[in-house]
Amino acid sequence: MKAVVLRAPGGLNRLELRDLPDPGQPGLGQIRVAIHATSLNFHDLLVANGSIPTADGRVLMSDGAGVVEAVGEGVTEFAVGESVVSGFFPQWQDGRAFDDVGNFRRTPGDGIDGYATEYVVRPAHYFTHAPVCWRHSEGATITTAGLTAWRALVVEGGIKAGDSVLLLGTGGVSIAALQIARVMGARVIVTSSSDKKLELARALGATDVINYRTSPNWGAEVLALTKGRGVDH
């Protein structure tokens with residue numbers, strides 16, 4: 001099977017498309033997934049360019065979406081043919097964060113091999129069901145950027161209708177947060193150095209936009225937009 005790997009010590013000129021052995025059939029508690037899509041997060045870029053060191057020959061990419069091809073003994077939560085998405089912290093199933101979540105030793109595409117490949121065999125808890133009717137390319141964006149935004153605004157932030165949200169920049173987390181906040185009924189202010197990106201943010205529902213390059217005192221502008229109150233998130 002084909003896979004994209006990184007030669008140590010990293011750098012975009014050290015990416016290689018390699019033929020790797022097929023992972024075979026799943027064992028106890030495992031599933032085999034045909035990967036159809038992955039999404040590029042800033043974390044993935046930092047690993048690829050060598051800013052975050054990883055092992056020589058690491059298969060890149062922390063997000064993966066695809067179809068279950070086989071299930072191992074003891075697996076009851078997945079069936080052949082179902083669409084699934086991976087988890088950024090496969091060891092963190094629920095509850096509060098704990099010590100083992102404070103590093104990336106078990107994060108795909110960093111401490112372990114990721115999803116820039118055609119097939120994987122992994123423990124079943126490395127995946128969850130994809131949203132119904134979502135394309136694989138959409139589902140692959142959920143578990144790093146999307147879940148970060150959801151946890152910040154909904155789980156930790158307790159966002160409610162009428163709140164105001166300030167998003168700094170237009171990266172994946174910000175764009176996910178923009179859409180979540182608008183669905184929740186919040187006002188959203190977005191900053192960027194690009195008017196083109198701000199136009200796209202407004203098209204996605206941003207209430208107000210600020211170009212921090214042309215308005216370097218953007219904090220005062222946010223205060224003015226909120227009549228001196230500031231934002232909730």
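I take helices (H or I, at least four residues) and strands (E, at least two) as DSSP runs, numbered from the N terminus. On that basis I find six helices and 11 strands in the chain.

Ground rules. This is a predicted model, so I note that local features need pLDDT of at least 70 and side-chain atom pairs count only at pLDDT 80 or more, while totals for chains, interfaces and linings use all residues. Residues are numbered from 1 along each chain as its sequence is written, and side-chain values use heavy atoms, with hydrogens and water left out.

Overall. I looked up the extent along the principal axes: the C-alpha atoms fill a box of roughly 60 × 40 × 35 Å. Of the 233 residues, 41% count as buried (under 20% relative accessible area, with exposed over 50% and partly exposed in between; 1.4 Å probe, protein chains only). Contact means heavy atoms within 4.5 Å. Among contacts between residues at least 6 apart in sequence, 61% join residues at least 24 apart.

Sheet. I count two strands as paired if DSSP finds at least two bridges between them. Strand 1 (residues 2-6) joins strand 4 over two bridges, and I find L6 opposite R58 of strand 4.

Cores. I define a nonpolar core as a set of buried Ala, Val, Leu, Ile, Met, Phe, Trp, Tyr and Cys residues joined through side-chain atoms within 4.5 Å. The largest has 16 residues, and L153, V165, L167, A181, V188 and V190 touch the most other members. At least two residues each come from helix 3 (142-156), strand 9 (164-168), helix 4 (172-183), strand 10 (187-192) and helix 5 (195-203). Helix 4 gives the most, with five residues. I then listed the contacts of A181, leaving aside neighbours within four places in sequence: L153, I159, V165, A186 and V188. A second, separate core has 12 residues, including V33, V68, F78 and V84.

Loop residue. Is N41 buried or exposed? I locate N41 in the loop between strand 3 (30-37) and helix 1 (42-48). N41 counts as buried because its relative accessibility is 11%. Beyond its neighbours within four places in sequence, N41 is in contact with S62, D63, T144 and A145.
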